[in-house]
Amino acid sequence: MRRKIIAFWMFIVFIVMASFKIVPLEGADELYNYFITNFYADTGSNNAVSGIYLDYRAYDTLFETLLLLVSVIGIIYFSRHEGDY
Amino acid sequence: MIQDFFYITLIIFAIIAIQSGVLRNAIIYLSVFSLLCSVVYLFLGAPDVAIAEAVIGCTLSTILYLVALKQYHIFTVYYHCITEDVNEIVLLKNEKEQMKYALTKFASSKELQLDIINTTSSLNVLNESVSYDVVIFHSKQGIWLHGFKHSYQYIELANTLKAKLDMPIHVYYTNERDVGFVAEE
Amino acid sequence: MRNHSLLLRITMGAIYPFIIVFGIYITVNGSTSPGGGFQGGAIISAVFIVQYFITYEKTVSLHIFNHIEKILYLAIVIFTVLFIFQFGEITPHFIKPYYMVIMNILIGIKVCCGLSVIFYRFVLFESR
C-alpha cells in the first residue's frame, strides 16, 4: 500500500514537472551563440564538442582523466588478494 | 513522429527492466534501454554523447554485469533418484515436483539462478568430476542432501526444505578437501 | 568455462581487426568528426575484452597497463600545461589541430589501459 502511494505521488510530481518549463533556456542563449560562431576561429577544430573539451575546458579534461585514474587505483586496492600485485 | 516512438519505447524498457524478476533478463533490457538512449541522443543532435553511450552503456557495462552474474549467482543442484523400480519412480514424481517448486521459490527469493541437473552418478564420482552446490538423493525413505558446511545458502536451503516438505530429510556436509574438482578461473 | 564456444570464437576473431581500425579512426579523427579520445579508447579496450572471451586466460600484463596509464597521465598533464603556458591566448592557428590530435591519442591510450585494467580486475581477481 505504501509503495502504491509513493508511486502515485511520484506520478503526480512527474506530471507537474512535465507540464512546466523548468529550465529557462533563454539564459543560455548568449554562451551558445558565442561558441557556435567563434569555435573554429578560437580552437581550430572542426568539431565544436572537441574544441570545447580540449581547448576551452582543458583543465576540466585534466581532472576528468584523473578521475578515471583514481577509480582504477581504487579498484586495484580493493580487489587485492594474497599474491597479486 | 519517429522520435516520439523512441521516447515511449525508452520509458517502456526502463519500466520492464525494473519490474523484471529475473536478473539476467533485466540486464538485457537495460542494454536495450541503453541502445535506445543512444539513438535518442542522436536525434537530439549529440553524436559524441551517442557514441559514448553506445560503447559504455550498451557494451562494457552489460558484459561486466553478465560476467558478475555468471560468477556469483548460479546455484547448481544435482538430482539423483536412487530407485531402479519404474513404479516407484512414478510414485516419487509428485514429491519431486513439490521439491522443484520449493527450490524455485527459494532461488527466486535469494535472487539465484537455479540450475537443476538430473544425474545417475554416485557422490564420489560427482565430487571428483563436477562442481556443485547441492546434491540431492531421493528415494522412498526420504531425501539426502549433500553440500558444503560453510555455504550459508546450503544451510538456509536445508531449513527451508525441512519447513516446506513433509518427508524425512537428512542433511550431510561434504568436506572441502574431499572435492577433487577445482573450478577453473 | 572450460569449453570454448566455437561460434563466439570465430565471429569475434573475424570482427577483431575491424574493432581496432574503428577505434583508431574515432580517436584520430576526434577533432574533425564526432568522437574523441574517450570514446575511441573505450572501443579499443573492447579488443581486450574480446580477447578474454576467446581465450579465457590472462593474456595481457596488467602491471604494464598500470604503468602505461600512470605515465600517460603525467604526459597529458605536462603537455597541456606546457602548451597553455607557452602560447596562451595568442596561439598560432596552424598548431591547434596538431595539439588536438596528440591530446586525443594520449587520452585514447590512457582510457583504453584504464578500462582494460578495470575489466580484468573484475573478471579475474574479484570473481573467486
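Guide: One term to begin with: helices (H or I, at least four residues) and strands (E, at least two) are DSSP runs, numbered from the N terminus. With that in place, the elements of chain C run α-α-α-α from the N terminus on, so to speak in DSSP terms. As for bookkeeping, residues are numbered from 1 along each chain as its sequence is written, while chains are lettered from A and ligands numbered from 1 in the order in which they are written. This is a predicted model: local features need pLDDT of at least 70, side-chain atom pairs count only at pLDDT 80 or more, and totals for chains, interfaces and linings use all residues.

Visitor: How many helices and strands in chain C, then?

Guide: Four helices and zero strands.

Visitor: And what does the predictor give for ipTM and pTM?

Guide: The complex gets an ipTM of 0.82 and a pTM of 0.70. Per residue there's pLDDT, the predictor's confidence from 0 to 100. Its mean is 83 for chain A, where 86% of residues reach 70 or more. Chain B has a mean of 81, with 92% of its residues reaching 70 or more. For chain C the mean is 84, and 90% reach 70 or more.

Visitor: Within chain A, which helix has the lowest mean pLDDT?

Guide: Helix α2 (residues 29–43) of chain A, at 83, while helix α1 (residues 2–19) of chain A has the highest, at 90. In chain C, confidence is lowest in α2(C), at a mean of 87, and highest in helix α1 (residues 6–28) of chain C, at 89.

Visitor: Where in chain B does pLDDT stay under 50?

Guide: Over residues 181–185 of chain B. The model has nine contacts beyond four places in sequence for that stretch; a contact here is two residues whose C-beta atoms, placed from the backbone, lie within 7 Å.

Visitor: Okay, interfaces. How many residues of chain A are in contact with chain C?

Guide: 21 residues of chain A, in contact with 27 residues of chain C. On the chain A side, the elements giving two or more residues are α3 (48–56) and α4 (58–78) of chain A. The largest share, nine residues, comes from α4(A).

Visitor: What's that side like by class?

Guide: The side of chain A that touches chain C has eleven nonpolar, nine polar and one charged residues. For the classes, Ala, Val, Leu, Ile, Met, Phe, Trp, Tyr, Cys and Pro count as nonpolar, Asp, Glu, Lys and Arg as charged, and the others, Gly among them, as polar.

Visitor: Switching to cores. Which residues touch the most other members of the largest one?

Guide: Of its 33 residues, those are C:Ala42, C:Ile43, C:Met103, C:Leu106, C:Ile107, C:Val111 and C:Cys112. A nonpolar core is a set of buried Ala, Val, Leu, Ile, Met, Phe, Trp, Tyr and Cys residues joined through C-beta atoms within 7 Å. Buried means 20 or more other C-beta atoms within 10 Å of a residue's own, exposed means 12 or fewer, and partly exposed is in between, with C-beta atoms placed from the backbone.

Visitor: Which element gives the largest share?

Guide: α4(C), with 13 residues of this core. Leaving aside neighbours within four places in sequence, C:Met103 is in contact with A:Leu54 and C:Gly37.

Visitor: Now the sheet in chain B. What's the strand order?

Guide: β2-β1-β3-β4-β5, an open sheet with mixed pairing; strands pair if DSSP finds at least two bridges between them. The edge strands are β2 (113–119) and β5 (169–174) of chain B, each pairing on one side only.

Visitor: How many bridges join β1(B) to β2(B)?

Guide: Seven, and the two strands run parallel. B:Val77 stands opposite B:Ile116 in β2(B). Strand β1 (residues 74–81) of chain B is also joined to strand β3 (residues 134–139) of chain B, by five bridges, again parallel. There, the bridge partner of B:His80 is B:Phe137.
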